[in-house]
Amino acid sequence: MSTAPAIAPLLFGLILAAGPVGLSAQTAGAGAREPVRMLRIPSGLYAPFTRDPKDAAQVRVSAFLMDELPVTNARFLDFVRANPKWRRSEVGSLFADSSYLADWDGDLVPGSKAPPDSPVVHVSWFAARAFARWEGKRLPTTDEWEYAASAGYSRVDGWNDQKLRADLYAWFARPSPPVLPSVDTAKANYFGVRGLQGFVWEWVEDFNTSLVTGESRADSSVDADLFCAGGAVGSRDTGDYAAYMRTALRSSLKANNTTSSLGFRCVRDTADTASDP
Amino acid sequence: MKTALLLPLALAATFASGAAPATDCCPACSQALGQGAYSRASLYQLDASFTDDGGRPVSLGSFRGRPVVLDMFFASCSNACPLTVTDMLAVQRSLPTSQRGRVVFVLVSFDDQKDTPEALARYRAQRRLDGNWVLLHGDGQSVRELAALLGVKYKRSQDGAYAHSNLLTVLNAAGEIVHQRIGLVGGLDQVAGALVAAAPQAR
């Protein structure tokens with residue numbers, strides 16, 4: 001709860017920073033849609049951004065399959081067509097706040113502000129999960145998402161990928177465009193997954209594990225009264241600005257919140273884990 | 001983005017002032033007493049199943065019609081959880097006699113591994129919790145969804161303990177959140193007051 005006052009000025013500063021807005025051409029998404037491609041993310045070690053001092057510095061993430069692209073308006077339209085309770089006029093406030101699908105023209109009309117091939121935004125955690133379940137998938141955990149996103153464009157350790165860092169900072173400095181670009185414009189990372197970084201924020205299954213409050217940049221301490229055993233959480237790399245931003249955003253969210261630059265993608269377990277080192 | 005940041009601010013302001021969200025009492029009460037659909041703000045819409053410390057399946061909707069005070073905890077917690085349970089016991093004692101048997105005291109465990117129904121039964125005995133207390137075990141999904149609805153944040157550390165928000169929630173007879181105590185200290189009068197206010201009027 002007390003996160004917001006601390007990070008709000010930081011984030012508003014970025015939102016208000018002027019910058020060019022890239023718009024992309026729409027492509028029609030009519031007819032039966034091909035299932036989105038899923039890519040195998042091999043198992044590997046990942047250093048969580050925040051951790052308890054008692055925890056190991058690295059955790060092993062098991063192999064999983066991840067959507068190549070964020071969920072688009074077209075795919076989400078298929079979902080609300082098939083699941084009337086997730087239409088804008090039907091959904092309860094407990095599961096999605098009043099700005100749910102706010103950029104759509106109607107219950108079943110994404111409209112000009114939400115092109116078919118742009119990522120769906122203004123969706124709540126509950127809606128994203130329901131979509132994932134409908135597709136026989138699930139949302140990624142924070143560890144899975146961060147691990148997949150830790151890859152650079154051409155190397156597995158993205159933090160040393162200067163191009164990625166430059167692109168990310170440029171994204172942070174740019175306000176969200178009024179109409180989000182097509183997912184086709186999203187760049188692939190080392191794993192082949194596109195648009196994880198520098199596109200839209202994405203929900204994770206366990207977003208409510210971010211116990212950060214107060215001064216999120218220094219993340220010095222957590223109010224011991226508000227959180228049991230949360231006081232010693234420390235961060236891995238105080239220079240990893242993007243991870244701070246994601247942690248701060250996650251900790252400011254409630255499960256029914258929807259915003260103009262928060263979407264999601266899905267993952268699925270894979271039985272094929274034996275071949276990884 | 002702006003929404004995400006402003007909303008917690010607005011909520012923080014609401015809770016800080018101690019004001020319960022405005023509830024339209026009459027529809028809520030009639031709904032609580034009737035058998036209609038749950039209200040749109042009712043937690044009982046949550047499609048999740050739990051098991052109590054007697055091994056019986058429990059849906060949250062089974063509390064409909066009674067005021068509820070609910071805490072998420074884990075039995076092996078040696079830090080904040082025992083204090084919160086002690087506070088809940090104090091709230092129970094402070095209720096007017098006429099209300100005492102109506103209020104349900106619910107503990108839902110974060111720990112879907114260790115807090116089996118048997119472990120919860122031991123906890124009930126240890127803390128001498130009476131028949132108005134319900135101790136619930138849920139699978140990871142149900143626990144996460146309930147926590148999300150309540151605004152409870154939690155994280156399992158590698159040693160098996162849980163860091164978590166300290167939030168004591170009062171639900172009215174329709175299953176809507178009418179009050180939350182944030183933190184560990186004080187606020188018990190407001191919790192008891194919210195419970196009394198939330199009880200449906202006897203007809």
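A search of the whole structure, a predicted model, finds 22 aromatic pairs over all chains. Rings of Phe, Tyr and Trp (its six-membered ring) pair if their centres lie within 6.5 Å; planes under 30 degrees apart count as stacked, over 60 as edge-to-face and the rest as tilted.

| Pair | Centre to centre | Angle between planes | Class |
|---|---|---|---|
| B:F105 and B:W133 | 5.1 Å | 20° | stacked |
| B:F110 and B:Y162 | 5.9 Å | 15° | stacked |

Helices (H or I, at least four residues) and strands (E, at least two) are DSSP runs, numbered from the N terminus. B:F105 and B:W133 are buried, where buried means under 20% relative accessible area, exposed over 50%, and partly exposed in between (1.4 Å probe, protein chains only).

B:F110 lies in the loop between β4 and α5 (117-127) of chain B and B:Y162 in strand β7 (residues 162-165) of chain B, so this pair ties together parts that are 52 residues apart in sequence. B:F110 and B:Y162 are both buried. In chain A, ring pairs join A:F76, A:F79, A:W86, A:W104, A:F131, A:W134 and A:F264 into a cluster.

Chain B has seven helices and nine strands. Of its 203 residues, 52% are buried. Among contacts in chain B with a separation of 6 or more, 69% come from residues 24 or more positions apart, a contact being heavy atoms within 4.5 Å. The accessible surface of chain B is about 8,700 Å², and carbon and sulfur atoms hold 54% of that surface; the areas come from the Shrake-Rupley method with a 1.4 Å probe, and for residues only the protein chains shown count as cover.

A helix pair joins the two chains. The axes of helix α3 (residues 125-134) of chain A and helix α6 (residues 140-150) of chain B come within 11 Å and cross at roughly 155°. Axes are lines fitted to C-alpha atoms, for helices over the stretch in contact, and angles run from 0 to 180 degrees between N-to-C directions. α3(A) and α6(B) are therefore roughly antiparallel to each other; angles under 35 degrees count as roughly parallel, over 145 as roughly antiparallel, 65 to 115 as roughly perpendicular and the rest as oblique. On the α3(A) side the contact is made by A:W125, A:F126, A:R129 and A:R133, and on the α6(B) side by B:Q141, B:R144, B:E145, B:A148 and B:L149.

A:L101 has a positive phi near 50° without being a glycine, and sits in the loop between α2 (73-82) and α3 of chain A. A:L101 is buried, at 1% relative accessible area. B:R128, also not a glycine, has a positive phi of about 50°; B:R128 is in the loop between α5 and β5 of chain B and is exposed, at 75%. Most residues other than glycine have a negative phi. B:P96, in the loop between α3 (81-94) and α4 (97-100) of chain B, is partly exposed at 39% relative accessibility.

Residues are numbered from 1 along each chain as its sequence is written, and chains are lettered from A and ligands numbered from 1 in the order in which they are written. Local features need pLDDT of at least 70, side-chain atom pairs count only at pLDDT 80 or more, totals for chains, interfaces and linings use all residues, and side-chain values use heavy atoms, with hydrogens and water left out.
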